[in-house]
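The report below goes through selected local features of one model, then its domains and its salt bridges. The sequence and structure come first.

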Amino acid sequence: MTPRSPANTPPYLRFLQQLKTCFPVPVSEPVMDGYFVHTVSRFLDRVDDLKSAAPLLGQSRQAHYQNSLGEGFPEETQTVEEVTKLLTEYCQGMPIWAHPNSQVNVVPPTTIPSITAFVAAAIYNPNIIWDEYSARFAEAEIQTVSMASDLIGYDPQRSGGVFTFSGTGTNFYGCKLGIEKALGGRAMQEGIREDVKIVSSAVSHYSRLNVSGWLGVGMKNLVTIPTNSDNDMSLPLLEDYLRRAFDAGEKVGVIIATMGTTDAFGLDDLGAIVRLRDRLAQEYGLKQPPHIHADAVIGWVWSVFRDYDFAANPLGFRNRTLKALQHSLGRLGDLAQADSLGIDFHKTGYAPYLSSLFLVKDRRDLSLLSRHPEEMPYLYQFGSYHPGIYTLECSRPGSGALAAFANIRLLGKQGYRVLIGHAVEMAEMLRERLEAHPFIQVVNDRNFGPVTLFRVYPPGVEAQAEFRREVKDPAYREQLEAHNFFNRRIFQLIHDRAMRGEGVLLSWTDACRHAQYGKDEGPPIAALKSFILSPWTDLAAVDMVARQVVEVRNQMESER
Ligand SMILES: *Cc1c(COP(=O)(O)O)cnc(C)c1O
């Protein structure tokens, strides 16, 4: 046999040769390895060129989705260089979350090791469906479950957990366990044939709607308990509801305690909810008390302060910060009372999306979710860690688990204390600045996290008194709605400035809460929102927020 000459090589093989340069090489070749590194580094340089004083990459532009609808599937290949350049363009307009003037929602800047973990996962493509496909990425998941358990106070010898697709996924797991328990573990096999209730507060995350709809209990089985002015679930109203439910023989599958609400950083009284559950379970002789799931996707990280010496205060936080941290810790210090909980490393953990961990106090609960191994015979012949038997997903990326692992090792309790302590300290400083103006009202003034919700009022209106009327007096409905509109305009003007590189990128919420007219829910109350997570946010950035509010309000006045 003679080797085929290049002339009669089939064309596809010539293409194939070319296409191989689009992949990192499987066996080290210095030239091609260098090409890969160079490509990534060129890309990063190009993106870096988009940076300016503004808290976003390049320019933001209105998306023209109509044009996107005409895209057809291309016939020809493009080069690595062409596509890499194209990718740079798609970074245009991305907010830079680490920027001191980026105070948008709960989106963190990401650390270098957590980014590296994602790079590792992107290149080597672990699938933590089982350890045979993921080597030590599976070990990282198990170790992270153990470290997170230790942090919040679960016994790592008994606890269990899995990484899943986002905070919503952790609520799926918590509710699924509650439903299975309520139905004697039969729902997996037989489906849901009777009503099971999911209970949470009025300001709990809207993913409760997805969860109840998709798990098949239906949104009509969601029970929403009104909140107090501190954005926590009303305990007397929870007790009222539970008594009515148990009297009527209803099944309550799960109570979700929200440990850090999305807008206001409201904290339910988890300890009191657990005690109430236990007391009523005994009184009513319940065979299966409701499962309690803590939606701690934002609040989990405050656990790092459980063993901070607040008296000696070795990190030197201001007094106001210490009080804020201790106040939050009063509710977040004992997450271990929950039967299960959710953690988002992609929120207050400084890891990229997605990195969410579902933790359960007793890992035997996970067997309620397991399918029969013989239904997946092609997967489990080897290896010894088989989470695919009970996870919602089949394929699961190794990126989230390794990134969480990386940040825990990188930062430790001390690093997280510094990052979160700083965020809270800056939020407290912002409040001090805002409170100095009689026309600004901080509306979550008794939630002491990194987020500040505030409303601005027009001249002639005294903020505090006005807000008090708005939240409960139906005669003020019209003013409330006019002020929502006024604040929306303030937000827009500040946003426009930020886009020009002259200001702070804030968030907006249409409904940080609703007015409460006696027993009836009133209209939504909107607010401006500053969420501080960046280690670069400093006093200058905080001063700028207050200054801009004043300037923009004056501008509106002069335009009238
Ligand atoms: C963000 C959030 C969720 C949902 O998490 P995702 O990761 O966005 O799916 C659930 N609960 C609370 C309290 C949240 O803030």
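Where is N313 found? N313 is in the loop between β5 and α12. Helices (H or I, at least four residues) and strands (E, at least two) are DSSP runs, numbered from the N terminus.

This is a predicted model, in which local features need pLDDT of at least 70 and side-chain atom pairs count only at pLDDT 80 or more, while totals for chains, interfaces and linings use all residues. Residues are numbered from 1 along each chain as its sequence is written, and side-chain values use heavy atoms, with hydrogens and water left out.

## Backbone exceptions

Most residues other than glycine have a negative phi, and most peptide bonds are trans. N313 is not a glycine, yet its phi is positive, at about 45°. With a relative accessible area of 13%, N313 is buried; buried means under 20% relative accessible area, exposed over 50%, and partly exposed in between (1.4 Å probe, protein chains only). S166, also a residue other than glycine, has a positive phi near 85°. S166 is found in helix α7 and counts as buried at 14% relative accessibility. A cis peptide bond runs from Y353 to L354, with omega near -15°. L354 sits in the loop between β6 (340–344) and β7 (356–360).

H291 is in strand β5 (residues 291–295). Its relative accessibility is 1%, so H291 counts as buried. The side chain of H291 is joined to that of K181 by a polar contact of 3.1 Å. A polar contact is a pair of N or O atoms within 3.5 Å; within protein, one must be able to donate a hydrogen and the other to accept it, and residues adjacent in sequence count only if both atoms are side-chain atoms. Leaving aside neighbours within four places in sequence, the residues in contact with H291 (heavy atoms within 4.5 Å) include G174, L177, G178 and K181, as well as D339, S340 and D365.

Q548 is placed in helix α16 (residues 539–559) and counts as buried at 4% relative accessibility. Apart from neighbours within four places in sequence, Q548 is in contact with I494, R497, E502, G503 and V504. One of these, G503, is 45 residues from Q548 along the chain, and the C-alpha atoms of the two are separated by 7.4 Å.

## Domains

The protein chain is divided into domain 1 (11–88), domain 2 (128–412) and domain 3 (419–559), with bounds that come from an automatic or database domain assignment. Between domain 1 and domain 3, the C-alpha centres lie 41 Å apart. The contact takes 5 residues from domain 1 and 5 residues from domain 3.

These two domains bury about 340 Å² between them, 73% of it on carbon and sulfur atoms. Buried area is the accessible area (1.4 Å probe) that two parts lose on being put together, summed over both. Of the area that domain 1 buries against domain 3, A54, P55 and L56 supply 78%, more than any other three residues. Across the interface of domain 1 and domain 3 the rule finds 0 residue pairs in polar contact (both at pLDDT 80 or more) and 0 salt bridges.

## Salt bridges

Side chains of opposite charge can pair when their charged atoms come close. A salt bridge is a side-chain nitrogen of Lys or Arg within 4 Å of a carboxyl oxygen of Asp or Glu. The structure holds 33 salt bridges.

| E180 | K176 | 2.8 Å |

E180 and K176 are 4 residues apart in helix α7 (residues 166–182), so about one helical turn separates them. E180 counts as buried at 0% relative accessibility, and K176 is buried at 17%.

D232 lies in the loop between β3 (222–225) and α10 (235–247) and R331 in helix α12 (residues 319–332), so the pair ties together parts that are 99 residues apart in sequence. D232 counts as buried at 7% relative accessibility, whereas R331 is partly exposed at 27%.
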